[in-house]
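Welcome, and thanks for taking a look at this one with me. Here is a short note to read alongside the structure.

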Amino acid sequence: MGPRGTGKSSFIASATEHKGAGVGHDLTSCTSSIMVTRCEIEGFSVVLVDTSGLEHMKPSDLDILKLISDWLNNEYQTSPRPVLSAILYFHRISDNRMAGTPLKNLRFFEKLCGKNAMANTILVTTMWDEVEPEVGEERLKELKDSYWKMMISAGSTTFECKGARGSPMNLLQRVVQQKKEQELMGKGEGMDQLQK
């Protein structure tokens, strides 16, 4: 999830080697509903759900949430029942301001997920190739120290998506590894409720 143009579709295309499928390069968002991509990572069946940007006017934020909710409800009727292991929130490190729409989207995301899901939330920064490394590191520090501070203190982690296929795949392998560790510790139930 995250604002449009933050690289959600590119992340999925890169990680799954579906080059260019559903990736927009013009000024309008290419994802107008949700797109589901299935792949296997380290023996685990992984389902990636790509959403339209939260500020995308059509469909509205509420329409997007309904699409996600309906999809999750349908998936939860299947066997084996899927487990929601992580929520990825995307942010362009190239954004030089955190006001207006990006800030509104972040606050909306926090309310949507609730405190109980923060430990399963990964704050993913993209577009590192569009800034000088020092500038990106400085912005990341500011995000962690202020805008994301509450989410990180509630258990969210960050990930710098800097490469082509390697970086997205590294993140997905990290999520799968954490899922394996949870199952070994008997905590394999996942996030049954996003908000309490």
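The points below go from the overall fold to a few local details.

1. Please keep in mind that this is a predicted model. The protein chain holds 6 helices and 5 strands, and their order along the sequence is α-β-β-α-β-α-β-α-α-β-α.

2. The protein chain has 196 residues, and 41% of them are buried. Its accessible surface comes to about 11,000 Å², with carbon and sulfur atoms contributing 52% of that. If you take the contacts between residues at least 6 apart in sequence, 69% join residues at least 24 apart.

3. Next, the interior. In soluble globular proteins, nonpolar side chains tend to be buried together. Here the largest nonpolar core has 21 residues, and those touching the most other members are Ile-93, Leu-106, Phe-109, Cys-113, Trp-148 and Met-151. Two or more residues of this core come from each of α2 (61–76), β3 (87–92), α3 (101–113) and α4 (133–147). Another core, of 18 residues, lies apart from it; Val-46, Leu-88, Phe-90 and Phe-159 are among its members.

4. Is helix α1 mostly covered or mostly uncovered? It is mostly covered, as 8 of its 9 residues are buried.

5. Two packed helices are described by the angle between their axes and the distance between the axes. For α1 (residues 8–16) and α6 (residues 166–184), the angle is about 85° and the axes are 8 Å apart. The two helices are therefore roughly perpendicular to each other, given that angles of 65 to 115 degrees count as such. On the α1 side, Phe-11, Ser-14 and Ala-15 take part, meeting Pro-168, Met-169, Leu-171 and Leu-172 of α6. Sorted by class, this contact has 6 nonpolar residues, 1 polar residue and no charged ones.

6. Now step just past the end of α1. Glu-17 takes a positive phi of about 60° there, in the loop between α1 and β1. Glu-17 is exposed, with a relative accessible area of 52%, and the cut-off for exposed is over 50%. The C-alpha atoms of Glu-17 and Met-169 are separated by 9.9 Å, although the two residues are 152 apart along the chain. Met-169 is also one of the α6 residues that meet α1.

7. A positive phi is worth checking by eye. Most residues other than glycine have a negative phi. Glu-42, which is not a glycine, has a positive phi of about 50°. You will find Glu-42 in the loop between β1 (34–41) and β2 (44–51). Glu-42 counts as partly exposed because its relative accessibility is 39%, and that class lies between the cut-offs of 20% and 50%.

8. One further residue belongs with this group. Met-127 is not a glycine either, and its phi is positive at about 65°. Where does Met-127 lie? Its place is the loop between β4 (121–126) and α4. With 22% relative accessibility, Met-127 counts as partly exposed, since buried means under 20%.

How values were computed:
Residues numbered from 1 in each chain as written. Predicted model: local features only at pLDDT ≥ 70, side-chain atom pairs only at ≥ 80, totals over all residues. Heavy atoms only, no water. Helix = DSSP H or I, 4+ residues; strand = E, 2+ residues; numbered from the N terminus. Buried < 20%, exposed > 50% of the residue type's maximum accessible area, 1.4 Å probe, protein only. Contact = heavy atoms within 4.5 Å. Areas by Shrake-Rupley, 256 points an atom, 1.4 Å probe, with all protein chains shown as cover. Core = buried A, V, L, I, M, F, W, Y, C linked by side-chain atoms within 4.5 Å. Axes fitted to C-alpha atoms, helices over the stretch in contact; angles between N-to-C directions. Parallel < 35°, antiparallel > 145°, perpendicular 65-115°, else oblique. Nonpolar A, V, L, I, M, F, W, Y, C, P; charged D, E, K, R; others polar.
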